[in-house]
Amino acid sequence: MATAEVSSNIKKLQVKRFKPAEDPKNTYLTDEKGLWAWLTTVDHKKIGLMYLGAVAFFFLLGGLLALALRTELWTPAKTFIEADTYNQIFTLHGAIMVFFVLVPSIPAALGNFILPMQVGAKDVAFPRLNLASFYIYVIGAIFTFIALFNNGLDTGWTFYTPYSTTTTTSVIWVTLGVFILGFSSILTGTNFITTIHKLRAPGITWSKLPLNIWALYATSIIQVLATPVLAITVLLLTMERFMGLGIFDPANGGDPVLFQHFFWFYSHPAVYIMIVPGFGIISEVITTFSKKHIFGYWAIALSSLAIAFIGFLVWGHHMFTSGQSAVATTVFSFLTFLVGIPTGIKILNWVATLYKGSIEMKTPMLYVFIFLFLFSIGGFTGIMLGSLSADIHLHDTYYVVAHFHYVMMGGTLMALLAGLHYWWPKMTGKMYSEVWGKISAVLVFIGFNLTFLPQFVMGAQGMPRRYYNYIDQFTPFHQTSTIGSYVLGLGLFITLFYLLHSLWRGKKAGSNPWNSRGLEWQATSPPDFHNFDHTPVVIHGPYDYHKPMEEFQLGLAVSHNGHGEETDVKESKVTTN
Amino acid sequence: MGRIFDFMLPELKSPATGATTDALIHFVNEVSLIFLVGITFALIYFAVKYRRRSEDDKTPVITHNNKLEITWSVIPLLLVMVVFGWGYKGWLNLNTVPDDAYEIQVTGFKWGWTFNYNTGAQIANEVHVPAGKPVKLVMKSQDVLHSFYVPEYRIKHDVLPNRYTFVWFQAEEAGESQVFCTEYCGTSHSNMLAKVIVHEPEDFETWLAKQGTGGGGTPVERGENLVQLQGCVTCHSQDGSDLIGPTFQGLWEREERLADGSTITVDENYIRESILDPSAKIVEGYQNQMASYEGRLTDEQISDIIEYIKTLN
Ligand code: HEM
Ligand SMILES: [Cu+2]
């Protein structure tokens, strides 16, 4: 349906001119107060913030563990901790960063906050389930903490058998923790899928859906389909330890390679659970700060879905050296290259979006640039690892460590930082210090490359991963890397400080400080308890920067006095395109 | 040959297994560098050229461009197919062992490697091979997963407890190369090192002849050899220093305090029990870390080890 037709349809209804208050009186933060109100809230925004707090806490913990690892690696032999402690620290660092930080970070923290607002809904489809999934996450975390204080865990976050069935450390506590955590992920995914299907405001057709929503949609599909496999795998592992089932343990006739198949059948798609939501953020931020329509909307939207589906078919590329069959190895290598293509397309689309834009280098945009650079390196080195004979040489070396840090930290975390800075004014109603934002982004960029670039060289030279001691020839690389990690840590600490500082001292943000065309920016900052005080009717696409701002505020809302009218809007078929 | 990423790779000492891989790694690196420079340049150029000049800058409506998008999908697709084929070719090299390869049996264990020759000779943590001849290593593990990796030959393969796997290589010149274990296998994973020692073919024959047929010597000599080969020494020192387990020095007839508070005097039966059922009596201050050697050592071998331990007082 043409825009003009939609507008005329809307005019028939009782439509209000919609302009958010610049200084909202009653927001979701002031609506209900007190600890109890927070702990029992079903408001997606508060739940999003609670996730954000939890994720930040785990990130801090995982980061301190990383600094301990890097400090230990300053010298080839013992620097300050024993081998067993080191092994436990890298296991916890990996497990925490993957399961407690990266997997929930963007969908559960930022996604929870932004998704309903971007589709013009009052909340997610199942608000109570949303709260439940937060508590399930907390319970999963508690199990992992019990392990921490009860013998630790030294298997590596991959729990490979038969080591994991024989070690004396607390495998069971952690696998149960991860098992429980999985439910949280599945519930969030289900909730998002339903919300996207059922609660879009009138006028938001699939082709007007922000790319962030497409990305979260693809992610949710993976979460719902892949996580059960992880759950079954860790459950089998737990049973194997308890009862000696003999599924994975060769001493009882089991097959250790089978464990790897199960594990990676989840964990490879999980890599996409971590990175695809980041793609969504990049699309939003890059259009806002170049004030230009996204280039190749459908290519970006559909490539997220393509990645989600092909992502299920490539797990075997973690096992080229494991002794899986030759046919499997070849097929997995081939499919792995296919998944590289949609990712490459996205990068080129984002770069093309900048062409003839009106580019403003605010902190979120700076992080997008950093993302594009780091993630490209992650992608190219991924191509290297996908090709059979190169992977044989590089597998399980620091080359792989560098590669996945470029992808997961250079990708997901940079996207998260871009999104956090981008939506911070919306979430808190406050502006942070732009100067400090840029200083810390530059420190993060320098520190990151200093930490992980040398690891590519070191790995190609033969330095294996998960090594407490190393041979002298690698000392300069390790020391550069360690210095880099301190710079990186400093940059991230500064971020923590100025963001918190902005809560007390920050300037008021106003409803739309970046002049974005996105629907979430048409609400007040911080938003009202119900997000919009009127159900919005959407006529323009989220990236229509060629249209004047007033048009976005004109005819955007249907008045909210009674149920009938909202139904009217739907019946008048505003939603068809 | 002077390629831009030469500094990244260690010297190649087995061209038969590594030459294709090296060429591939250089190719991917160089093409990636071109793309990375292109993308970075475009980012910086656009950011400067199109920087916002005023709050009401107008931007053109460019939504997509099919021709452009198809081009930049197809070219990378072709490139990655080349990379796939190339990697496959290199991988075939790694898996096609020449018929005349010299075979050596390898056992990985926590935390070391033993190499068995068809003459009966056995040696720990060093594999001696002839130069200029293909060598095939047939590998298995006694406990958990390990992985046999020689960076200078560009070879690596996991070593599994229930299955034989192999690698092969052909070192061209006499010399030494480092072997790493690259599958995490517990406490001393990073100490699980070995060396490949390449001899001129005649020297290799001499070396092999000197090794005898294995198993010879006095009980004490055999015991000493076993303590090395079975990896006991990775956890138990012979010089009094404290590793993962108690030292063997002065162990014989020593009074040990156990974790349950009782004490015991070390004798034949205690040593035998500790080898076959290590978790039965844990010495105070140590973890229950050791795996049982049940089925891995015969009674005679255990006796030889006991004879040897007696000599360490
Ligand atoms: C200051 C930043 C960081 C530093 C210095 C750092 C350092 C390290 C080190 C030294 C290892 C052990 C490598 C090995 O021996 O195999 C490691 C492993 C790992 N790191 Fe990080 N890391 C950092 C941040 C992150 C972040 C942000 C994530 C994810 C969000 C992450 C995820 C992982 C994972 C999954 C592993 C694998 C653990 C394993 O081998 O089991 N790291 N990191
Ligand atoms: Cu090992």
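In strand β7(B), Asp158(B) is the bridge partner of Ser147(B). That link is a handy way into this predicted model.

- Strand β6 of chain B covers residues 146-150, and five bridges tie it to β7(B), with the two running antiparallel.
- Zoom out and you get an open sheet of five strands in chain B, in the order β4-β10-β9-β6-β7, with mixed pairing.
- At the edges stand β4 (126-130) and β7 (155-159) of chain B; each has a single partner strand, so one side of each has no neighbour in the sheet.
- Going from one strand to the next, the twist averages 20°.

**A helix across the sheet**

- Helix α3 of chain B, residues 201-211, lies across β4 and β10 (194-199) of chain B.
- Relative to β4(B), helix α3 of chain B runs at about 135°.

**Two helices in chain A**

- Helix α4 (residues 44-72) and helix α17 (residues 475-505) of chain A have axes that come within 9 Å and cross at roughly 155°.
- Since angles over 145 degrees count as roughly antiparallel, that crossing makes α4(A) roughly antiparallel to α17(A).
- The crossing of α4(A) past α17(A) is left-handed.
- On the α4(A) side, the contact includes Phe59(A), Leu60(A) and Arg70(A).
- What kinds of residues make up the contact of α4(A) with α17(A)? They split into six nonpolar, five polar and one charged.

How values were computed: Residues are numbered from 1 along each chain as its sequence is written. Chains are lettered from A and ligands numbered from 1 in the order in which they are written. This is a predicted model: local features need pLDDT of at least 70, side-chain atom pairs count only at pLDDT 80 or more; totals for chains, interfaces and linings use all residues. Side-chain values use heavy atoms; hydrogens and water are left out. Axes are lines fitted to C-alpha atoms, for helices over the stretch in contact, and angles run from 0 to 180 degrees between N-to-C directions. Helices (H or I, at least four residues) and strands (E, at least two) are DSSP runs, numbered from the N terminus. Angles under 35 degrees count as roughly parallel, over 145 as roughly antiparallel, 65 to 115 as roughly perpendicular and the rest as oblique. A crossing is left-handed if the near helix is turned anticlockwise from the far one by less than a right angle, and right-handed if clockwise. Contact means heavy atoms within 4.5 Å. Ala, Val, Leu, Ile, Met, Phe, Trp, Tyr, Cys and Pro count as nonpolar, Asp, Glu, Lys and Arg as charged, and the others, Gly among them, as polar. Two strands pair if DSSP finds at least two bridges between them.
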